[in-house]
Amino acid sequence: MDINAIVDVETKTISISQTIIYKNETDDTLSEIYLNDWNNSYSTKETPLAKRFEEEFSTKFHLAKSEQRGYTLVTSIKDKANQQLEHNSLKEHPDVIKVILKTPLQPGESYNLSLEYILLIADATFTGYGITKSKDFELKYWYITPTVYDGKWNYYSNKDLDDLFVPKSDIIINITHPLNYRVTSELDIIALNPDNKSRTQVTSIYGKDRIDTYLSLNKFPQFGFVQTDDFIVISNINEKGFPGPDKAILTDKITQFLTQNLGDYPHKQLLVSNIDYNKNPLYGLNQLPDFFRPFPDDFQYELKLLKTSLKKYIDNILLLNPRKEHWLSEGLQIYFLIKYVEENYPDMKLLGTLADVWGIRAFHAADLDFNFQYFLYSMEVARKNRDQPLTKSKDSLTKFNANIAGKYKAGIGLNYLDQFADDITLRESITEFLQSNKLKAISINDFESFIKSKTTKNIDWFFTDYINTRKKIDFKIKGIETTEDSIRLTIRNKRDNSMPISLFKLNKDSVIGKLWIENIKDTKTITLPKDSTEKFVLDYDNVVPEFNQRDNYKSLKGSFLKNKPLQFRLFKDVEDPDYNQIFFMPLVEFKNIYDGFTLGAKVYNKTILRKRFNYKFSPQYATKSKSITGSTSVFYTHNIENKNLFNITYGIVAGYQSFAEDAFFTRIRPSISFTFRDDDDFRSNKLDRITARYISINRDIGENAIIELDEPDYGVFNLRYTHSNPGRINFSKFNTDFQIADRFSKLSINYEFRKLTKGNRNVNLRFFAGFFLDNNTDPTSDYFSFALDRPTDYLFDLNYLGRSEAAGLFSQQIIIAEGGFKSQLETPFANQWMTTANFSTSIWRYIQAYGDVGLVKSKFDSAKFVYDSGIRLNLVEDYFEIYLPIYSNLGWEIGQPNYDQRIRFMFTVDPQVLLGLFRRKWY
């Protein structure tokens, strides 16, 4: 490829004349070819890149101005004979160009294309690449490149995954730019030709067998160059306060490690940037601010540079399809990161220096090695039943799986394979594979065949079960029988797979033996000679990424508590398989204005990683009501794999708290829920849930209560179906709710729809309809009636801060349910049926106009038409909103007395609800 580019900083454009000579190395005759044009990924709000941002609840691209988004204008594509070639962008892939050749390209022949095109460079705020606010250019995937043909065309769209698949190329770039800018690239500089008259410079760079397209054009480049014995490292990765000479020493140490383990680097320079690191950082405590981060500066810088260099190095020499075969390069990155820390920092802990702090060092997390984090993060999604096969296309992975869990599973999987295949040194075999296949077009099958040829052990399980499926590793020591001279040990494989497990023999705390047990189908019994072994432990060194390690221990003598004694801990901790853990946590909460702040403790078994069985007991003292309140719950979750029905949860929760001054309620709620998803598309936010529950409510009224009960205590059976598809650009939710009690039964439906239009206008629609199938309640009471604006919440589901307030600030809290009105009208309830529609749309930024209409019908009354309207301040949707009524059935409310008491607000103080803002982006 020969590229002549002219940069115009003011217009953010680059004009390019380009020649591509591409050899057909297959046996097929090609009549058409495809080119990657990933700069055009930014061209509209409908491209796959734009949809990717939407899936991850980001509106930065959708809300951007047209001039902030980039595009490519192709003016000419000609062949060697200077004939114009027919070309067009693909409908489904607007960043891929199809070119029809005049003459079919025979095997062994080359095509020669001449292209003329103009790039409008997008803002760097979207992906990190583009033009920055300071008018510097950070360019990646900017010029047009050939797609790989290996019997089929391997083209796909940009989805901000940094995974363009291109053939290795010999590249010459002549880039004309303002004289005060400097070019930084991995390519070798061959000429600098300044022109003082035009205040421009032509920088010429060249590279052979290259796939990396990154180029930085900066006025004040921050890159430093370190010449090592192996190659030059170009980097702008920094660590505040860390001196340059120390960086050079560590850089040399890292290049030696890279060369020793990955083979000789084929190029003179390796460039790693802050953008590379920010897209693939050290997750966990390493991301804390400098003043609080519990790791030394040299360790922090070293691992930042190492992790980024490993990825760049491997990507530059291992020519795999990065969209379809990503797991190997990512796994090698983590595998060698693990090995580096084992060799150079064997005593580094997961919590760093915090592990030695009094109070913290008592936690099991303080005992764990730094490398344990890879198991922890990979198991995070496995325990939530959200893990995906490593062979899944990268664009089909959830963000957490793509960025963290998948890579870590691949890395610890290679370490697992390393320990199992003890007849070879896997590390050396990997080095040999990388050296012999450097810059060659290969596939995962080549790696599999190579490793299998090196070991005598059967490692099919690694590629079939571990890599290619979601199958979990879960073994249990089922039983032990002893005789005078031998021990019979039965191990159970609780999952359907052929993966091996390590068995350790312990005397006191010392390992006196280890063996690998293979081919366990259901159960397997082995006989061992009797010796000084006191305890058998599966996976004692935590090499096997096992789903449940809590049943891996078995003592030859002793009870259940001898195998796993009870352990009491203050605050939640990482799961310790040596013990049955019980946690305590002091609680200070504010649930409502009647109890005020509550002081108490929570006793529970939930660890950092999710368990299937969870219990919680939480007694509390309410400072305002001066009473004992609290709750308790027990739940069990069945995770079902490879089915649309993926979660069944059942249990019971009971609680006691105030609902008014000197008035308390006890709620007991057994329930079962079935949750469905599209098992083929974990990125989809669509969920279906069926919930059945029984709510028993008992109320106690004290002598000083100011509220009177107009209904006796009651129990309600509730059956609910919900379909939800939450999204930031498009949102929809539908639910039906059926309730039956002694004196009534009712059915309601609710549908919500939200859309952020191309013109950046929010449109919100909500419909509600509810009717009583049977209603024998007190006709003078509206306790069980449908509410127009503020439900009575007789099931105590809604988090009202002052649920019984008739006046004052807390009576103005609104939770959008049932009728969804904001004004308090003269017909606030319906004991027969109700239908309403709620609408709002943008005026400016977070300011919206709203309007509600409906029909309300009660017994012995005719149906009444109701409406209201006003201004909605949508500060954080569903979490913090303010409603200012203007006009309704009451007239012009804004001009009526005590207007401040008509304002309604939505507000949540539940931290779990707020955490949902984070979770929805990653899961």
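**Cavities, sheets and aromatic contacts in a predicted model**

A search of the whole structure finds nine cavities of 30 Å³ or more. A cavity is a set of points, on a 1 Å grid over the protein atoms alone, where a 1.4 Å probe fits but cannot get out. The model is predicted: local features need pLDDT of at least 70, side-chain atom pairs count only at pLDDT 80 or more, and totals for chains, interfaces and linings use all residues. Residues are numbered from 1 along each chain as its sequence is written, and side-chain values use heavy atoms, with hydrogens and water left out.

The largest cavity holds about 220 Å³ of space. Its lining has 21 residues, and Ser-378, Ala-382, Asp-387, Lys-409 and Lys-472 are the closest to the centre. Lining residues have an atom within 4 Å of a point. A volume is the space filled by probe spheres set on the points, and grid points are joined across faces, edges and corners. Helix H6 (372-383) and helix H7 (399-420) each supply at least two residues of this lining. Helices (H or I, at least four residues) and strands (E, at least two) are DSSP runs, numbered from the N terminus. The lining of the largest cavity divides into eleven nonpolar, five polar and five charged residues. Here Ala, Val, Leu, Ile, Met, Phe, Trp, Tyr, Cys and Pro count as nonpolar, Asp, Glu, Lys and Arg as charged, and the others, Gly among them, as polar.

The second largest cavity has a volume of about 170 Å³. It is lined by 17 residues. Tyr-42, Thr-127, Tyr-129, Lys-140 and Tyr-141 lie nearest its centre. Eight of the lining residues are nonpolar, four are polar and five are charged.

Pockets were also examined. A pocket is an open set of points with protein on both sides within 12 Å along at least five of seven lines. The second largest pocket has about 1,100 Å³ of space. Of its 45 lining residues, Leu-368, Tyr-540, Asp-541, Asn-542 and Tyr-553 are the closest to the centre. Elements that each supply at least two lining residues include H6 and H7, along with helix H5 (326-344) and strand E26 (535-538). By class, the pocket lining has 21 nonpolar, nine polar and 15 charged residues.

Several strands pair into sheets. Two strands pair if DSSP finds at least two bridges between them. Glu-138 stands opposite Ser-216 in E17.

Another open sheet of four strands has the order E5-E6-E3-E10, and its pairing is antiparallel. Its edges are strand E5 (87-89) and strand E10 (145-146); each has a single partner strand, so one side of each is left without a neighbour in the sheet. E5 pairs with strand E6 (residues 96-105) over three bridges. His-87 has Val-99 in E6 as its bridge partner.

Phe-676 stands opposite Asp-688 in E35. E35 also pairs with strand E36 (residues 714-725), in the antiparallel sense, over eleven bridges. There, Ile-695 has Val-716 in E36 as its bridge partner.

The whole structure contains 65 aromatic pairs. Rings of Phe, Tyr and Trp (its six-membered ring) pair if their centres lie within 6.5 Å; planes under 30 degrees apart count as stacked, over 60 as edge-to-face and the rest as tilted. Tyr-22 and Tyr-111 form a stacked pair, 5.4 Å centre to centre with 25 degrees between the planes. This pair links distant parts of the chain: Tyr-22 is in strand E2 (residues 13-23) and Tyr-111 in strand E7 (residues 110-120), 89 residues apart. Both tyrosines, Tyr-22 and Tyr-111, are buried (under 20% relative accessible area; exposed is over 50%, partly exposed in between, with a 1.4 Å probe and protein chains only).
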